[in-house]
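Please examine the sequence and the three-dimensional structure shown below. The paragraphs that follow lead through them step by step.

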Amino acid sequence: MLTYMLAQAATTGPVLPTSTADDVLSPYIYVFYAAFLVSFIFTPIMRQVALYYGIIDQPDSIRKLHTAPVAYLGGVAVFLGWLAGLAISQFSTVHREGTPLVHLLLPVPIVLAAFTIVILGLWDDVAKTRPWAKIGVQALAGVALLKGGIGTHTADLVLSPILARLTHYFGWNPAWYPTFALCSSCVLTVLIVVGCCNATNLMDGLDGLCGGVTAVIAAGFVFLAVNMATYGTAATMNSDGMRVVLGLALLGGTLGFVPYNFNPASIFLGDTGSMFIGFACATLIVMMAEQNPKWFLAAMVMFALPVLDTSLAFARRWVNRRPLFAADRHHFHHQMVARGFTVKQTVVISYLLAFCFAILGAAIVFIRTRYVVAVYLVVFGSIIVAAYKMGMVHETARIVSRHGIDENAMGARPAMAQPSEVLDVRENQDDQANRLILK
């Protein structure tokens with residue numbers, strides 16, 4: 001059997017593209033226009049709404065580095081832009097002629113799951129939500145994707161080759177394998193959704209950071225989606241086109257918001273926006289994973305900056321026996337600021353790092369996977385060692401209390417974090433009592 005497969009590969013030759021990048025991208029470019037314009041127009045409108053209803057982020061001189069109250073709800077504008085892009089896609093013809101499909105079929109579960117994440121973020125921005133409650137709702141959004149048939153085969157593409165080897169050498173083909181593959185795929189999909197939502201949420205710590213980094217990641221995803229669609233067939237045309245549309249909608253929505261969010265920011269994403277763009281990235285990653293493990297690897301490398309920061313945060317808290325969801329000032333961007341870089345310089349450096357990861361992920365399109373994995377191992381191994389040396393894993397915790405801006409104005413000194421220590425931010429008793437009264 002193995003000899004036959006090798007002979008077939010030798011005779012059939014390499015797989016050639018069935019479309020050009022221009023053929024794929026040109027019908028859907030209007031998705032980007034709509035997403036960008038709606039996000040760009042609605043961002044200042046949502047700022048006025050947030051100011052009117054008092055949905056603002058107060059500085060605390062501990063973790064929040066801005067000096068004046070800043071409006072939330074920027075994430076709503078990004079979501080509206082993303083939604084407008086998806087709506088425009090329903091008026092675009094498909095990228096391949098001669099097929100029964102005229103317009104893309106939009107998976108409704110994606111929109112419903114996105115609504116769930118946005119409602120969760122709005123509630124958290126207004127009234128605050130416990131970490132485990134947020135994770136539960138994020139997992140529910142992942143289940144919504146699965147109910148729509150999205151992500152039900154993410155693990156199967158990895159497990160199938162293993163099963164094929166076991167069957168070939170040992171004749172082992174258990175009857176329970178399909179159920180095991182489905183359950184593994186469901187777990188993996190939910191983990192990707194929850195992980196991406198929290199990764200972008202934790203990264204949203206400086207003006208323009210999360211939105212700009214996500215825009216770079218979205219551009220990388222568009223590149224991957226277009227490349228995948230050039231090799232697609234009539235059977236995969238709808239999923240190929242939807243990956244391109246989702247990437248363009250995310251790219252346009254974030255780019256329309258970033259000019260208002262860049263330092264000094266006039267509006268923040270809030271948890272509404274940071275979790276939503278994490279969900280949008282997770283959806284694309286899951287859809288690529290269902291196509292081929294190679295594209296899943298490429299997408300995860302492009303999303304590496306949020307993943308590395310979050311992984312190091314949880315590793316740091318676990319090593320130092322601190323609560324996993326405790327707030328601190330020891331993320332990558334905080335480290336850079338503590339070492340003398342300005343907020344703008346730190347954000348630009350993060351953009352450059354995200355761009356490097358995007359290029360690294362795109363390399364898998366041109367180089368054989370086995371060679372690219374070797375490069376990935378060296379790069380990420382070096383990053384982990386560098387992070388350890390920078391003190392991003394071991395820390396000296398210092399406990400401080402959160403105070404409002406009025407208290408600081410009356411003479412309270414702001415708590416400053418040294419590069420080798422982390423601030424454990426805790427509510428003072430008055431704040432806790434006030435929160436209970438408000439609830």
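Leaving aside its neighbours within four places in sequence, with which residues is Ala155 in contact? The structure is a predicted model, in which local features need pLDDT of at least 70 and side-chain atom pairs count only at pLDDT 80 or more, while totals for chains, interfaces and linings use all residues. Residues are numbered from 1 along each chain as its sequence is written, and side-chain values use heavy atoms, with hydrogens and water left out.

With those neighbours set aside, Ala155 is in contact (heavy atoms within 4.5 Å) with Ala181, Ser184, Ser185 and Leu188. Ala155 is found in the loop between α6 and α7 (156-170); helices (H or I, at least four residues) and strands (E, at least two) are DSSP runs, numbered from the N terminus. Its relative accessible area is 10%, so Ala155 is buried. Here buried means under 20% relative accessible area, exposed means over 50%, and partly exposed lies in between, with a 1.4 Å probe and protein chains only. The C-alpha atoms of Ala155 and Thr189 are 8.7 Å apart in space, although the two residues are 34 apart in sequence.

Cys183 has its place in helix α8 (residues 177-203). With a relative accessibility of 43%, Cys183 counts as partly exposed. Cys183 and Thr152 are 31 residues apart in sequence, and 8.2 Å separate them in space, C-alpha to C-alpha.

The chain as a whole comes next. It has 18 helices and four strands, and buried residues make up 48% of its 439 residues. Of the contacts between residues at least 6 apart in sequence, 79% join residues at least 24 apart.

How many salt bridges does a search of the whole structure find? The search finds three, where a salt bridge is a side-chain nitrogen of Lys or Arg within 4 Å of a carboxyl oxygen of Asp or Glu. One of them joins the side chains of Lys134 and Asp124, at 3.4 Å from N to O. Because Lys134 lies in helix α6 (residues 131-147) and Asp124 in helix α5 (residues 108-127), this pair ties together parts that are ten residues apart in sequence. Lys134 and Asp124 are both buried.

Lys134 also forms a salt bridge with Asp271, with the closest N and O atoms 3.7 Å apart. This pair links distant parts of the chain, since Lys134 is in helix α6 and Asp271 in helix α11 (residues 270-291), 137 residues apart. Asp271 is buried, as is Lys134.

A further salt bridge brings together the side chains of Asp240 and Arg243, at 2.5 Å from N to O. Both residues lie in helix α10 (residues 237-261), three residues apart, about one turn of the helix. Asp240 and Arg243 are both buried. Elsewhere, salt bridges that share partners join Asp124, Lys134 and Asp271 into one network.

Two packed helices are described by the angle between their axes and the distance between the axes. For α6 and α11, the angle is about 35° and the axes are 12 Å apart; axes are lines fitted to C-alpha atoms, for helices over the stretch in contact, and angles run from 0 to 180 degrees between N-to-C directions. The contact is made by Lys134, Gln138, Ala141 and Leu145 of α6 together with Asp271, Met275, Phe279 and Thr283 of α11. These residues divide into four nonpolar, two polar and two charged; Ala, Val, Leu, Ile, Met, Phe, Trp, Tyr, Cys and Pro count as nonpolar, Asp, Glu, Lys and Arg as charged, and the others, Gly among them, as polar.

Thr283, found in helix α11, counts as buried at 2% relative accessibility. Not counting residues up to four places away in sequence, Thr283 touches Ile110, Leu145 and Leu246.

In soluble globular proteins, nonpolar side chains tend to be buried together. A nonpolar core is a set of buried Ala, Val, Leu, Ile, Met, Phe, Trp, Tyr and Cys residues joined through side-chain atoms within 4.5 Å. The largest such core here has 98 residues, and those with the most contacts inside it are Trp82, Phe221, Phe276 and Phe279. Helix α9 (residues 209-230) gives the most to this core, with 14 residues. A second, separate core of five residues includes Leu159, Leu163, Tyr177 and Ala181.
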